[in-house]
Amino acid sequence: GKTTTKLAVAHVLEQAFPGKVLAHPGNFNSEIGLPLSIFELPVPGKLTNPIEWMKILKQIDTKMAGSYPYQHLVLELGIDTVGEMGRFMRYLRPDIAVLTAIAPEHMEQFGDMDTVAREELQLVRGSDMAILNAEDATIGSATRPLRLPVQTYGVKVGQYRFENLTRGRNLTCCGELIIGDDALRVQTNFLGTHNLGSLAAAAA
């Protein structure tokens with residue numbers, strides 16, 4: 001899922017940039033939660049209380065007056081209405097977008113999969129590079145006209161993928177992570193093979 005992939009990407013970046021990577025451990029992926037996660041602030045207990053929001057805005061002003069301590073942000077975006085991704089993209093310009101799935105969620109708001117795809121692709125088109133799940137057929141058909149650098153990943157399909165999967169003594173997954181022309185032997189803590197896609201995305 002998105003949260004697992006976000007944390008896997010952040011873990012890889014942290015190896016190269018210790019102490020300079022921020023990824024909120026939860027799924028603060030809404031229009032309210034995302035800006036707060038950037039400044040490491042909690043969601044107010046009462047969303048309609050203007051006094052609590054004034055306190056938060058004051059904390060944001062204080063943080064912005066100083067130097068931002070991170071070089072890399074790994075953010076999770078979640079949408080459930082038409083136009084929400086566009087509002088995110090008013091203030092975000094990602095270096096890299098990771099698209100994990102185009103799934104039939106919140107269909108009472110979106111109506112059809114074409115609308116879902118259009119919303120999700122605003123993130124990709126607003127980024128400098130895309131990392132796409134090669135095992136999601138909807139992503140494959142929706143992103144063919146993209147004009148930006150693209151890498152693909154998956155559990156068994158993609159430029160970054162796993163081969164020769166086996167189970168370790170504790171039944172966790174292990175195998176060879178394919179990275180271009182190279183193969184890296186990997187022992188994971190995952191029982192479910194579906195989680196391996198998050199590791200492949202992080203490698204990409």
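Which residues touch the most other members of the largest nonpolar core? That is the subject of the first view. This is a predicted model, in which local features need pLDDT of at least 70 and side-chain atom pairs count only at pLDDT 80 or more, while totals for chains, interfaces and linings use all residues. Residues are numbered from 1 along each chain as its sequence is written, and side-chain values use heavy atoms, with hydrogens and water left out.

**View 1. The largest nonpolar core, with 22 residues.** Leu-77, Met-85, Phe-88, Leu-99, Ile-102, Val-124 and Leu-132 touch the most other members. A nonpolar core here is a set of buried Ala, Val, Leu, Ile, Met, Phe, Trp, Tyr and Cys residues joined through side-chain atoms within 4.5 Å. Two or more residues each come from helix 4, strand 3 (97-99), helix 6 (113-125), strand 4 and helix 7 (137-142); helix 6 gives the most, with 5 residues. (Helices, H or I of at least four residues, and strands, E of at least two, are DSSP runs numbered from the N terminus.) A second, separate core of 12 residues includes Val-155, Leu-177, Leu-196 and Ala-201.

View 2. Glu-76 counts as buried because its relative accessible area is 6% (buried is under 20%, exposed over 50%, partly exposed in between, with a 1.4 Å probe and protein chains only). Its side chain makes polar contacts with the side chains of Thr-3 (2.8 Å) and Asn-29 (3.2 Å). A polar contact is a pair of N or O atoms within 3.5 Å; within protein, one must be able to donate a hydrogen and the other to accept it, and residues adjacent in sequence count only if both atoms are side-chain atoms.

**View 3. The largest pocket, about 1300 Å³.** Of its 50 lining residues, Val-74, Leu-75, Ile-96, Ala-97 and Val-98 lie nearest the centre. Helix 1 supplies the largest share of the lining, 6 residues. On a 1 Å grid over the protein atoms alone, a cavity is a set of points where a 1.4 Å probe fits but cannot get out, and a pocket is an open set with protein on both sides within 12 Å along at least five of seven lines; lining residues have an atom within 4 Å of a point. Grid points are joined across faces, edges and corners, and a volume is the space filled by probe spheres set on the points.

**View 4. The second largest pocket, about 220 Å³.** Here 13 residues form the lining, and Ala-8, His-11, Val-12, Leu-199 and Ala-202 lie nearest the centre. Helix 1 gives the most to this lining, with 5 residues.

**View 5. Asn-164 and Leu-171, two residues with positive phi.** Most residues other than glycine have a negative phi. Asn-164, in strand 6 (residues 160-167), has phi near 55° and is partly exposed at 49% relative accessible area. Leu-171 sits in the loop between strand 6 and strand 7 (173-179); its phi is near 70°, and at 53% relative accessibility this residue counts as exposed.
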